[in-house]
Amino acid sequence: MMNSDPLKLWEAVWNELMHEFNAHKGRWGNERWREPFQLLGAGLIYTHNAIISMPADTFHGPMRTAVKDSLQVWKLFYQKRKEPVLCPNTDNNAAELFSTMHLASSSFRLVTALFLVHEAILNLTSTGPLFEFVAADDWKRAKLLPHLKKTRGLACCQKTHSKLLEEQTALAIILAHRDEFGHREENIAGSGWFKERGGYAKEFPLCRVIEAQLILANLGVKELSKIQ
Ligand SMILES: [Zn+2]
């Protein structure tokens, strides 16, 4: 399970990505393959940084309280009067901020990577779990809303013995996580997803966000190989 060692799951997905690179690197000139490949790689690097730098109590806690005192960390940056060292594990005061920023950066890359992959192979196959959510230029958020609603009360990985998240749930989680940091649609009237997603996103245990990212990256790598 996820809670035993998220880095092991990460390594498995990363190795699949490297395998895909070696098998199809001849497609580098094909933007339809290269662009989502690079986004998946970048997303996985950000997820890795989030995993290795996240304090243990933050890792299993809800997103809402991930950074316990966000004012304090910026005060510390200011008081140092020089640039902080922001590599993973070099400044414990910045670990929460660093890890949650990288987690958000991964979600931005992964939802785009998954969309580009699905768009590229839509005419070849449509048997995967996420095809029904692909619109002309973005994910069908309204259609994902019921899957987002299923995350109400989503337990931390330590409190559940269920199997890993379904891909549809993982996409709803990562899209809501990404939108939470997008900040452009808070006041769109009459739209269920945009009105409701914040209430769910703030409650996601961060361990399950990481799990959802790895599930989506894994699916993206598998579908990537189908791009011609
Ligand atoms: Zn957990």
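I began with Leu216 and asked which residues it touches beyond its neighbours within four places in sequence. Leu216 is in contact with Leu110, Leu114, Ala170, Leu171 and Ile174, where contact is taken as C-beta atoms, placed from the backbone, lying within 7 Å. I note that this is a predicted model, in which local features need pLDDT of at least 70 and side-chain atom pairs count only at pLDDT 80 or more, while totals for chains, interfaces and linings use all residues. Residues are numbered from 1 along each chain as its sequence is written.

**The core.** I then looked up the largest nonpolar core, which has 56 residues, with Leu171, Ile174, Leu206 and Leu216 making the most contacts inside it. I took such a core as a set of buried Ala, Val, Leu, Ile, Met, Phe, Trp, Tyr and Cys residues joined through C-beta atoms within 7 Å, and I called a residue buried if 20 or more other C-beta atoms lie within 10 Å of its own, exposed if 12 or fewer, and partly exposed in between. The elements giving two or more residues to this core are α1 (6-24), α2 (31-53), α5 (95-121), α6 (141-149), α7 (167-180), α8 (192-201) and α9 (206-224); helices here are DSSP runs (H or I, at least four residues), numbered from the N terminus. The largest share of this core, 12 residues, comes from α9.

**α7 with α9.** I found that the axes of these two helices come within 9 Å and cross at roughly 115 degrees, the axes being lines fitted to C-alpha atoms over the stretch in contact, with angles running from 0 to 180 degrees between N-to-C directions. The crossing of α7 and α9 is left-handed, that is, the near helix is turned anticlockwise from the far one by less than a right angle. In α7, Glu167, Ala170, Leu171, Ile173, Ile174 and His177 meet Arg208, Val209, Ala212, Gln213, Ile215, Leu216 and Leu219 of α9. I sorted the residues of this contact into 9 nonpolar, 2 polar and 2 charged, counting Ala, Val, Leu, Ile, Met, Phe, Trp, Tyr, Cys and Pro as nonpolar, Asp, Glu, Lys and Arg as charged, and the others, Gly among them, as polar.

**α6 with α8.** The buried residues of α6 are Arg141, Leu144, Leu145, His147 and Leu148, and I saw that the buried residues of α6 pack against α7 and α8.

**Arg152.** Which element holds Arg152, I asked? Arg152 lies in the loop between α6 and α7, and Arg152 is exposed because 9 other C-beta atoms lie within 10 Å. The C-alpha atoms of Arg152 and Glu203 are separated by 8.0 Å, although these residues are 51 residues apart along the chain.

Technical notes: Contact = placed C-beta atoms within 7 Å.
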